[in-house]
Amino acid sequence: MLNNIALIIFACLLTGCATSPTGRSQFLYMPKDQVDQMGLQAFEDLKTKKPISKNSQYNGFVSCIADILTKESDGKWELVVFEDDTLNAFALPGNKIGVHTGLVKMVDNQDQLAAVIGHEIGHVIAQHSNERMSQEAAVNQSVSLISAVSAPTSPIGQLAVSSLGIGAQYGIILPFSRTHESEADIIGLDLMAKAGFDPRESITLWQKMAQASQGGQQPAEFMSTHPSHDTRIQELTEHMPKAIEAYQQAQAMGKKPNCTK
Ligand SMILES: [Zn+2]
């Protein structure tokens, strides 16, 4: 028995096996602090390259939502609203959240934006970037991946930024897998409901996103990295009774977010 446990621990040390928040087993080869460092570096880089919104109403609205949501997860998070008309939001390892003003304009209410931010936080909490890098990169590339974040035009730099989910910012797209999308949806739904946001608005949000990308008025960057599978709405609907229960509990506890733009 003891031998078996020792063997499992040894195997995990070698292969980096882990379990995601939804109980799925994952292969995480990269050390978490190094992936966090990559997220941090990529975020700093974006902050120097993209204009940051000075719209106080938008900033107030988004930070009100992000503050409430991140209180339900671990650690401190940094939020930046970028002046960019595309419909996009992202979260990076190292607890960084970026939201584009285009998305802020598009949502009808706090709950819809909470759905997007919750979904993005879900990708970070479940360490999807690490998993993507572990799958895509050869083991001996891991060190170069870390330094490559600051050189997003090099091939390895492209792998680094696209694994972080922000490749579209540099013209390369690596869509999240169906597994990762489903997982981020479920984590995000639970998170928003626990924080007192109406989880039912997540379905409206995804429908609006799909419509916007089909209409083609503006490039829906978000939909290319977060592809909408036919099963997304179905899975959200299946999970909804549990989420509504959590939402009602949160509301009864006085968690009633009131973020307005
Ligand atoms: Zn996603």
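**Exercise 1. Decide whether S162 is buried or exposed, and find what it touches.**

Step 1. S162 has a relative accessibility of 8%, so this residue counts as buried. Here buried means under 20% relative accessible area, exposed over 50%, and partly exposed in between (1.4 Å probe, protein chains only). Keep in mind that this is a predicted model: local features need pLDDT of at least 70, side-chain atom pairs count only at pLDDT 80 or more, and totals for chains, interfaces and linings use all residues. Residues are numbered from 1 along each chain as its sequence is written, and side-chain values use heavy atoms, with hydrogens and water left out.

Step 2. Now place S162: this serine belongs to helix α8, residues 155-163. Helices (H or I, at least four residues) and strands (E, at least two) are DSSP runs, numbered from the N terminus. The buried residues in α8 include G157, L159 and S162. After α8 comes G165, with a positive phi near 90°.

Step 3. Look for partners. Leaving aside neighbours within four places in sequence, S162 is in contact (heavy atoms within 4.5 Å) with R132, G167, I172 and L174.

**Exercise 2. Explain why S53 counts as buried, and find its partners.**

Step 1. S53 counts as buried because its relative accessibility is 6%. You will find S53 in the loop between α2 and α3 (56-70).

Step 2. Not counting residues up to four places away in sequence, S53 touches N59, V81, F82, E83 and T101.

Step 3. Take E83 from that list. S53 and E83 lie 30 residues apart in sequence, and their C-alpha atoms are 4.6 Å apart in space.

**Exercise 3. Work out which residues coordinate the zinc ion.**

Step 1. List the donors, which are N, O and S atoms within 2.8 Å of the metal (3.2 Å for Na, K and Ca); water is not among the atoms, so sites may look incomplete. They are H119 (NE2), H123 (NE2), E181 (OE), E181 (OE) and H226 (ND1), at 1.9 to 2.8 Å.

Step 2. Read the spacing of the donor residues in sequence: H-x3-H-x57-E-x44-H. H123 in helix α5 and E181 in helix α9 (residues 178-194) link distant parts of the chain, 58 residues apart.

Step 3. Check accessibility. H123, at 4%, counts as buried, and E181, at 1%, counts as buried too.

**Exercise 4. Describe the nonpolar cores.**

Step 1. A nonpolar core is a set of buried Ala, Val, Leu, Ile, Met, Phe, Trp, Tyr and Cys residues joined through side-chain atoms within 4.5 Å. The largest one has 43 residues, and those with the most contacts inside it include I65, V99 and L113.

Step 2. Ask where they come from: α5 gives the largest share of this core, 7 residues.

Step 3. Find the second, separate core: it has 20 residues, among them A42, F43, I146 and I172.

Step 4. Return to V99. Not counting residues up to four places away in sequence, V99 touches residues including V62, L79, F82 and I117.

**Exercise 5. Sum up the whole chain.**

Step 1. Count the elements: there are 12 helices and 5 strands.

Step 2. Of the 261 residues, 51% count as buried.

Step 3. Among contacts between residues at least 6 apart in sequence, 73% join residues at least 24 apart.
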